[in-house]
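Visitor: I am new to protein structures and would like to learn how to read one. Could you take me through some features step by step?

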Amino acid sequence: MRKTRVAIIVVLVVLIGAPSLSAQSLKGMSLNGATGLIGIPSARIGWEHSADLGLDFGYHAIFDDNETAHIPKVAVSLFQLAELSFAYDSNIGDDNEDILLGGKIQLPTGGRTAVAVGGNFHMLQINGNDENVQQVYLAATYPGTFFNMPAETSLVIGKAFGDLVDDGDIDFGMGFDLVLFPEIFQGYVHWINDFANFSYSRTPAGADAETRGAFNTGIRIDIAANPALSRYKFVIDAMMTDALDEDRAFGLGLAFGVPIL
């Protein structure tokens with residue numbers, strides 16, 4: 001217990017004593033590897049303002065009913081306007097592992113609002129039966145404030161195709177990334193939320209949006225808010241998926257990125 005208290009005090013000292021908030025928005029990885037929130041992408045590119053070639057590595061674990069899904073991922077940012085992502089989802093149960101591929105291009109809209117068009121290709125292994133689902137989407141992300149705290153809101157609308165998708169379904173999601181009490185935490189702590197009628201995968205672990213949609217929420221710690229690490233990306237996530245339903249699950253993850261060119 002004493003060691004735990006000491007660790008908490010050290011973390012608080014580091015957060016309170018850290019320098020001012022970075023001007024660049026935090027670009028964490030969503031569960032399927034795309035730059036975004038938890039279950040939905042944003043219109044941001046991982047290294048849109050800082051590198052012509054950037055590389056991100058991530059990992060999330062979803063804990064659901066005493067089982068764990070492991071989701072390692074990697075994303076490449078190109079020319080400050082495009083992103084390609086790959087994720088392997090071990091999922092829950094036997095023969096359920098999935099491959100999740102994604103890509104998006106940011107449109108030259110100018111101003112503070114980012115707009116991107118993107119797509120996903122899900123290679124799903126459902127109890128040993130191969131299924132594929134494709135999704136195309138349009139995403140917009142714009143900055144603002146909420147109770148004098150900096151925030152970014154993301155909207156996503158899209159359409160999925162495949163044998164597991166009803167022809168008339170339209171995908172919609174919305175979420176925000178709030179810099180939590182920046183005067184206290186100095187830009188290290190973000191509160192992330194999203195709600196959508198689709199999830200990071202058509203067969204997700206612990207984030208099922210098929211019936212009532214899924215609300216996901218969590219804390220994202222931006223270690224790279226420290227000026228000594230500002231050239232890199234270092235994000236730690238603690239989250240709850242499908243938080244408003246009985247089958248909610250918990251997740252932990254991290255992302256690390258480096259600019260190459």
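Predicted model: local features only at pLDDT ≥ 70, side-chain atom pairs only at ≥ 80, totals over all residues.

Visitor: Let's start with charges. How many salt bridges does a search of the whole structure find?

Guide: The idea is to look for a side-chain nitrogen of Lys or Arg within 4 Å of a carboxyl oxygen of Asp or Glu. Here the search finds five salt bridges. One of them joins Arg44 to Glu48, with their closest N and O atoms 2.9 Å apart.

Visitor: Which residues are linked with Arg44 in a network of salt bridges?

Guide: Glu48 and Glu152 are linked with Arg44 in that network. Between Glu152 and Arg44 the N to O distance is 2.5 Å. This pair links distant parts of the chain, 108 residues apart: Glu152 sits in strand β7, and Arg44 in the loop between α1 and β1.

Visitor: Are Arg44 and Glu48 buried or exposed?

Guide: A residue counts as buried when its relative accessible area is under 20%. Arg44 has 9%, so it is buried, and Glu48 is buried because its value is 3%. Glu152 is buried too.

Visitor: What about the salt bridge that Arg212 forms with Asp245: how far apart are the closest N and O atoms?

Guide: They are 2.6 Å apart. Arg212 lies in the loop between β9 and β10, and Asp245 in the loop between β11 and β12, so the pair ties together parts that are 33 residues apart in sequence.

Visitor: Now the rings, please. What should I look at in an aromatic pair?

Guide: A pair of aromatic rings is described by how far apart the centres are and by the angle of the planes. In this model a search of the whole structure finds five aromatic pairs. Take Phe146 and Phe176: their centres are 6.5 Å apart and their planes are at 35 degrees, so the pair is tilted. Phe146 is partly exposed at 41%, and Phe176 is partly exposed at 26%.

Visitor: Are the rings of Tyr232 and Phe256 stacked or tilted?

Guide: Planes under 30 degrees apart count as stacked. The planes of Tyr232 and Phe256 are at 15 degrees, so this pair is stacked, with ring centres 6.4 Å apart. Ring pairs also build a cluster, made of Phe146, Phe147, Phe176 and Trp191.

Visitor: How should I read the surface?

Guide: A nonpolar patch includes Phe79, Leu81 and Ile105, and its members together have about 980 Å² of accessible area. Strands β6 and β8 each supply at least two of its residues. Leu81 lies in the loop between β2 and β3. There is also a negative surface patch, with Asp65, Glu67 and Asp94 among its members. Glu67 is in strand β2 and counts as partly exposed at 39% relative accessibility.

Visitor: And the loop residue: where is Met29?

Guide: Met29 is in the loop between α1 and β1. With a relative accessible area of 1%, Met29 is buried. The C-alpha atoms of Met29 and Gly46 are separated by 8.4 Å, while the two residues are 17 residues apart along the chain.

Note on methods
Residues numbered from 1 in each chain as written. Heavy atoms only, no water. Patch = residues over 30% accessible without salt bridge, like charges linked within 9 Å, V, L, I, M, F, W, Y side chains within 5 Å. Areas by Shrake-Rupley, 256 points an atom, 1.4 Å probe, with all protein chains shown as cover. Lys, Arg positive; Asp, Glu negative; His and termini not counted. Charge placed at Lys NZ, Arg CZ, Asp CG, Glu CD. Helix = DSSP H or I, 4+ residues; strand = E, 2+ residues; numbered from the N terminus. Buried < 20%, exposed > 50% of the residue type's maximum accessible area, 1.4 Å probe, protein only. Phe/Tyr/Trp six-rings, centres within 6.5 Å; stacked < 30°, edge-to-face > 60°.
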